[in-house]
Amino acid sequence: MLTVLNPFDRNEPFPPVETALDEPNGLLAVGGCLSARRLVNAYRSGVFPWFGKDEPILWWSPDPRLILRPENIKISRSLGKRLRRGEFRFSFDVCFDRVMDACAEPRDYASGTWITGEMKRAYSNLFDLGLAHSFEAWQEEALVGGLYGVSVGRVFFGESMFHHVTDASKAAFAFACDCLKRWGYVLIDCQVYTRHLASLGAEEIPRSEFVKLLQIYCEQPVSSEAWKSAGGVL
């Protein structure tokens with residue numbers, strides 16, 4: 001039976017991730033709220049929210065978990081050529097809300113979006129608190145790709161990415177990995193398997209191992225240079 005969370009207690013602990021359902025994989029709890037305190041507690045526990053419009057808040061902790069260590073990113077030959085030619089310029093935290101809006105746009109393979117107005121407000125609040133961040137890829141003045149996520153300690157929890165031109169999301173992700181590696185991050189949470197992320201070097205690990213890594217790295221600080229200037233070149 002799923003745990004029903006109290007929407008008025010933002011400090012309420014999550015149930016043990018081992019109690020999550022096998023089908024659907026990782027469904028752990030329902031209800032609660034999207035306060036900054038609860039969201040940070042969720043990420044520290046290996047849990048994230050994912051639900052559609054007109055659905056209650058659903059909390060997930062799938063097993064296995066998809067992760068990527070920044071130094072292990074795989075850059076294809078074609079993407080490498082585009083990066084060397086300087087086809088994109090990059091930034092971070094320049095237009096967080098625009099990145100979220102772009103990630104929420106309809107996809108060819110999906111009829112709706114889980115990035116609802118409620119989710120946008122919650123993560124925009126995290127951004128204002130310095131806990132959520134975005135990476136952007138540009139061509140001239142056009143935002144053509146990007147991603148956003150949440151930072152806790154030396155772990156970056158990726159949430160979503162988008163592209164408007166070929167390879168733009170991969171280029172933004174490569175830039176993100178370069179920044180995160182230089183700043184001392186050791187782990188990127190990619191949540192669940194996709195061929196796209198696997199092609200970039202992401203790998204699945206047991207949930208139990210993932211939670212142990214969080215217990216170590218979420219408590220460690222990153223470089224004092226992290227997130228200090230809004231831009232850079234890969």
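Q: Glu140, buried or exposed?
A: Exposed: Glu140 has a relative accessible area of 70%. The cut-offs are under 20% for buried and over 50% for exposed, with partly exposed in between (1.4 Å probe, protein chains only).

Q: Before we go on, what kind of model is this?
A: A predicted model: local features need pLDDT of at least 70 and side-chain atom pairs count only at pLDDT 80 or more, while totals for chains, interfaces and linings use all residues. Residues are numbered from 1 along each chain as its sequence is written, and side-chain values use heavy atoms, leaving out hydrogens and water.

Q: OK, back to Glu140. Where is it found?
A: In the loop between β7 (132–139) and β8 (142–152). Strands here are DSSP runs of E, at least two residues, and helices are runs of H or I, at least four, numbered from the N terminus. Glu140 also has a positive phi of about 55 degrees, although it is not a glycine.

Q: And what's phi for Trp227?
A: Near 60 degrees, so positive in a non-glycine residue again. Trp227 sits in the segment after α7 (207–217) and is buried, with a relative accessible area of 17%.

Q: How do α3 and α4 sit relative to each other?
A: The axes of α3 (residues 96–103) and α4 (residues 117–128) come within 10 Å and cross at roughly 150 degrees. Axes are lines fitted to C-alpha atoms, for helices over the stretch in contact, and angles run from 0 to 180 degrees between N-to-C directions.

Q: Which residues make that contact?
A: Phe96, Asp97, Met100 and Asp101 of α3, and Met119, Lys120, Tyr123, Ser124 and Phe127 of α4. Contact means heavy atoms within 4.5 Å.
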